[in-house]
Amino acid sequence: QVQLVESGGGLVQAGGSLRLSCATAISGRTFSSYAMGWFRQAPGKEREFVAANRWSTGNTYYADSVKGRFTISRDNGKNTVYLQMNSLKPEDTAVYYCAAVGYSRGPLSSAKEYDYWGQGTQVTVSS
């Protein structure tokens, strides 16, 4: 069983930065065995992929819209994954969700790949 809790959202001006955290409670497996992802959903839009990390291969993946601005990282000792967001834009405004999957050979960019989700944290970027 996996429980995910996001934090770190808030209101920031365009060009600013935020760091989101996703703390996990996991039983039965180690945190490092899970691939972790971040998604976001703006009002009236579908949930979209932001970034993902597969610890087993060391690979990270980003949506084109955030490449060079956002960085996903994880601390396996703290069972936590982070999303550092720099140079924020108003179009980054959304509820951000972290997600976990125990095993996936897919690209980790589809919400359907993930088994567990957090409740989300609101990020609002003002112009």
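Arg-69 counts as buried because its relative accessibility is 10%, buried meaning under 20% relative accessible area, exposed over 50% and partly exposed in between (1.4 Å probe, protein chains only). The model is predicted, so local features need pLDDT of at least 70 and side-chain atom pairs count only at pLDDT 80 or more, while totals for chains, interfaces and linings use all residues. Residues are numbered from 1 along each chain as its sequence is written, and side-chain values use heavy atoms, with hydrogens and water left out.

Arg-69 is found in the loop between β6 and β7; strands (E, at least two residues) and helices (H or I, at least four) are DSSP runs, numbered from the N terminus. What does the side chain of Arg-69 reach at 2.9 Å? That turns out to be the backbone oxygen of Ser-87. A polar contact at 2.8 Å also joins the side chains of Arg-69 and Asp-92. Here a polar contact is a pair of N or O atoms within 3.5 Å; within protein, one must be able to donate a hydrogen and the other to accept it, and residues adjacent in sequence count only if both atoms are side-chain atoms. Leaving aside neighbours within four places in sequence, Arg-69 is in contact with several residues, including Gln-84, Met-85 and Leu-88, where contact means heavy atoms within 4.5 Å.

Ser-87 itself sits in the loop between β8 and β9 (94-101) and, at 40% relative accessibility, counts as partly exposed. Its phi is near 50°, a positive value in a residue other than glycine. Most residues other than glycine have a negative phi. Leu-108, in the loop between β9 and β10 (116-117), is not a glycine either, yet has a positive phi of about 65°. Leu-108 counts as buried, with a relative accessibility of 0%.

Now for the strands. An open sheet of four strands runs in the order β1-β3-β8-β7, with antiparallel pairing; two strands pair if DSSP finds at least two bridges between them. β1 (2-7) and β7 (70-75) stand at the edges with a single partner strand each, so one side of each has no neighbour in the sheet. Within the sheet, β3 (residues 18-26) and β8 (residues 80-85) pair over six bridges in the antiparallel sense, and Cys-22 has Val-81 in β8 as its bridge partner. Elsewhere, β5 (residues 48-54) and β6 (residues 59-62) form an antiparallel pair over four bridges, with Arg-54 opposite Asn-59 in β6. Their hairpin has four residues between the strands, and Gly-58 takes a positive phi near 80° there.

How many aromatic pairs does a search of the whole structure find? There are five. Rings of Phe, Tyr and Trp (its six-membered ring) pair if their centres lie within 6.5 Å; planes under 30 degrees apart count as stacked, over 60 as edge-to-face and the rest as tilted. Tyr-34 and Tyr-116 have ring centres 6.4 Å apart and planes at 70°, so this pair is edge-to-face. Tyr-34 is buried at 4% relative accessibility, whereas Tyr-116 is partly exposed at 22%. Another edge-to-face pair is Phe-39 with Tyr-114, at 5.2 Å centre to centre and 80° between the planes.
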